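Me: I have a structure open and would like to go through it with you. Could we begin with the charged side chains?
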Amino acid sequence: MAKGKQKGQKGTKITLKIAKNSLRVSFDGGLRLDLSKMGITTFPKCILKLTDVDELDLSRNKLKKIPSSIENFQKLRWLDLHSNQLEELPKTIGTLQNLFYLNICNNKLTTKNLPEELNLLKNLRILNLGLNCLDSIPTTLGALKELREIGLFDNALTSIPNSVKKLPKLKKLNTERNPFPDSEKQEEHADSIKRTETLYLVQEKDLCCSCLKMCQDERDKLKELNNMTPSPSKKPSFSLLLTPNSAAKNNQEEWRLS
């Protein structure tokens, strides 16, 4: 067993050397500290010397608490704490103004211990609160105007605040497996959110020969039909026009709500 990684009742001991060896370059060139699945039971103080990271992954450990010193990670854009034993979050999490991704799914968080300061994360786009012990959602989360995706599945929720459902940029809201009084009605609320799919545009030079030919053929068909008078009752469909880009992703580590 490597020096510094001594397992016991106190969990894995993380040294600064281990932490430095866990640094990775993220897909967009940022610095990622990956300490996931290491049996950690207490927040490693040594990583406070690595606060210039852009991403911090402490998921799949046994953490019960995140210290207020998390505020030292002011560059953080991505914080993954899912699948721990967290019962509360520090108020100082609200100081992480660059944070756009926060995953605290699969913990032991209650509504009471959800800090109001979460509403200060003005740049947050993705928030996963699924698989916790929440019986309500703070209306103050409606202040997070940049939110695109929210996971609230597998909690004890009986309603979703209008301030959250009506967030201007919200595209995905997962509220499955909550004890809503009228589950069908809640599903309607979730499904009423306008969802848009991203269209990825590429230049012809970036397509392979087969994809390029497919697009050209479909484009020729479209031109032919444009010269005809289309039937008013039926509009032509050209699903294959999107085929070359159907597998494109913004982020290879993109979190999925459903």
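This is a predicted model: local features need pLDDT of at least 70, side-chain atom pairs count only at pLDDT 80 or more; totals for chains, interfaces and linings use all residues.

Me: Where in the chain do Arg32 and Glu55 lie?
Reply: Arg32 belongs to strand S2 and Glu55 to strand S3. They are 23 residues apart, and the pair links distant parts of the chain.

Me: And are Arg32 and Glu55 buried or exposed?
Reply: Both Arg32 and Glu55 are buried.

Me: Why do such side chains pair at all?
Reply: Side chains of opposite charge can pair when their charged atoms come close.

Me: How many salt bridges are there in the whole structure?
Reply: A search of the whole structure gives eight salt bridges. One of them joins Arg77 to Asp28, with 3.3 Å between the closest N and O atoms. This pair also links distant parts of the chain, the two residues being 49 residues apart. Arg77 sits in the loop between strand S3 (55-57) and strand S4 (78-80), while Asp28 sits in the loop between S1 and strand S2 (31-34).

Me: Which residues are linked in a network of salt bridges?
Reply: Asp28, Asp54 and Arg77 are linked in such a network.

Me: What about Glu146, what does it pair with?
Reply: Glu146 forms a salt bridge with Arg148, and their closest N and O atoms are 2.8 Å apart. Arg148 is partly exposed, with a relative accessible area of 22%.

Me: In what sense do S6 and S7 pair?
Reply: Strand S6 (residues 126-128) and strand S7 (residues 149-151) pair in the parallel sense, over three bridges. Asn128 stands opposite Gly151 in S7.

Me: Last, the whole chain: how many helices and strands, and how much is buried?
Reply: The chain has four helices and eight strands. From the N terminus, the elements run α-β-β-β-β-β-β-β-α-β-α-α. Of its 258 residues, 41% count as buried.

Conventions:
Residues are numbered from 1 along each chain as its sequence is written. Side-chain values use heavy atoms; hydrogens and water are left out. Buried means under 20% relative accessible area, exposed over 50%, partly exposed in between (1.4 Å probe, protein chains only). Two strands pair if DSSP finds at least two bridges between them. A salt bridge is a side-chain nitrogen of Lys or Arg within 4 Å of a carboxyl oxygen of Asp or Glu.
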